[in-house]
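Subject: The structure for you to look at

Dear colleague,

Here is the structure that I said I would pass on to you. Please open it alongside this message, and read the notes below with the residues in view.

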Amino acid sequence: MKAIEALLWSIALPGFGQLLNKKYVKGIALIFLELLINTQSRFNEAIRLSFLGRTDEAAAMVDIGWLMFYPCLYFFAIWDAFKDAGGGQTPYSFLPFVFSAYSVTVGLMYSFDVKVAGVFFGPIWLPILSVIPGWAVGRLLQVVLLKWRRPSAP
């Protein structure tokens, strides 16, 4: 249960899970990086505009150069807090987190040009939707590697 609690606090704000796990230096460093990237990319304002359905405005004002750092920081913080709290004991359990970071980064790169069924999701919604295939690919790869790793019975 502690691992899920740390995971959920890290989803709320990267670094909170580390503070909960008494990893104070790491937690403060992650919070600092989150605030730096968030402020420089104007991420919160882009989130606000996107939730209001103003995705064109969000795309126009966000700083993609800074925002590109966010997915890896975010998913690393979640994984690290989860692992330090005792979660992720199964081999390769990091893969869904890693592939989510990859797919969200790719979703962010394409978010300024791609429309899905004629809808412009922008730099917030398309990356959020990209978590799903990233997690699925990471989980599938984990399952395949676990089966491949185990010796077959005679």
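**What was found**

Glu57 counts as partly exposed, at 39% relative accessibility (buried means under 20% relative accessible area, exposed over 50%, and partly exposed in between, with a 1.4 Å probe and protein chains only). Glu57 forms a salt bridge with Arg54, and their closest N and O atoms are 2.8 Å apart (a salt bridge is a side-chain nitrogen of Lys or Arg within 4 Å of a carboxyl oxygen of Asp or Glu). Arg54 is partly exposed as well, at 34% relative accessibility.

Before going further, please keep in mind that this is a predicted model, in which local features need pLDDT of at least 70 and side-chain atom pairs count only at pLDDT 80 or more, while totals for chains, interfaces and linings use all residues. Residues are numbered from 1 along each chain as its sequence is written, and side-chain values use heavy atoms, with hydrogens and water left out.

**The overall picture**

The secondary structure of the protein comes to nine helices and two strands, where helices (H or I, at least four residues) and strands (E, at least two) are DSSP runs numbered from the N terminus. Read from the N terminus, the order of the elements is α-α-α-α-α-α-α-α-β-β-α. The C-alpha trace spans about 60 × 40 × 25 Å along its principal axes, and of the 154 residues of the protein, 42% count as buried. Among contacts (heavy atoms within 4.5 Å) between residues at least 6 apart in sequence, 62% join residues at least 24 apart.

The protein has 13 positive and 9 negative side chains, and the centres of the two sets lie 13 Å apart. Here Lys and Arg count as positive and Asp and Glu as negative, with His and the chain ends not counted, and the place of a charge is taken as NZ of Lys, CZ of Arg, CG of Asp or CD of Glu.

**Salt bridges**

Asp80 forms a salt bridge with Lys26, with the closest N and O atoms 3.1 Å apart. This pair links distant parts of the chain, since Asp80 is in helix α7 (residues 70-84) and Lys26 is in helix α3 (residues 24-41), 54 residues apart. Is Asp80 buried or exposed? Asp80 is buried, with a relative accessible area of 3%, whereas Lys26 is partly exposed, with a relative accessible area of 31%.

Asp84 also forms a salt bridge with Lys26, where the closest N and O atoms are 3.2 Å apart. Again the pair links distant parts of the chain, with Asp84 in helix α7 and Lys26 in helix α3, 58 residues apart. Asp84 is partly exposed, with a relative accessible area of 28%.

**Aromatic pairs**

The whole structure holds eleven aromatic pairs, according to the search (rings of Phe, Tyr and Trp, the last by its six-membered ring, pair if their centres lie within 6.5 Å; planes under 30 degrees apart count as stacked, over 60 as edge-to-face and the rest as tilted). One of them is the tilted pair of Phe51 and Trp125, at 4.7 Å centre to centre and with 45° between the planes. This pair links distant parts of the chain, with Phe51 in helix α4 (residues 43-51) and Trp125 in helix α9 (residues 122-149), 74 residues apart. Phe51 is exposed, with a relative accessible area of 55%, while Trp125 is partly exposed, at 27%.

Phe99 and Tyr102 form an edge-to-face pair, at 5.4 Å centre to centre and with 70° between the planes. Because they are three residues apart in helix α8 (residues 95-110), Phe99 and Tyr102 are separated by about one helical turn. Elsewhere, Phe43, Tyr70, Tyr74 and Phe75 form one aromatic cluster.

**Two residues with positive phi**

Arg42, although not a glycine, has a positive phi of about 60°, and lies in the loop between α3 and α4. Ala117 is not a glycine either and has a positive phi of about 55°; its place is in the loop between β1 (115-116) and β2 (119-120). Ala117 is exposed, with a relative accessible area of 79%, whereas Arg42 is partly exposed, at 40%.
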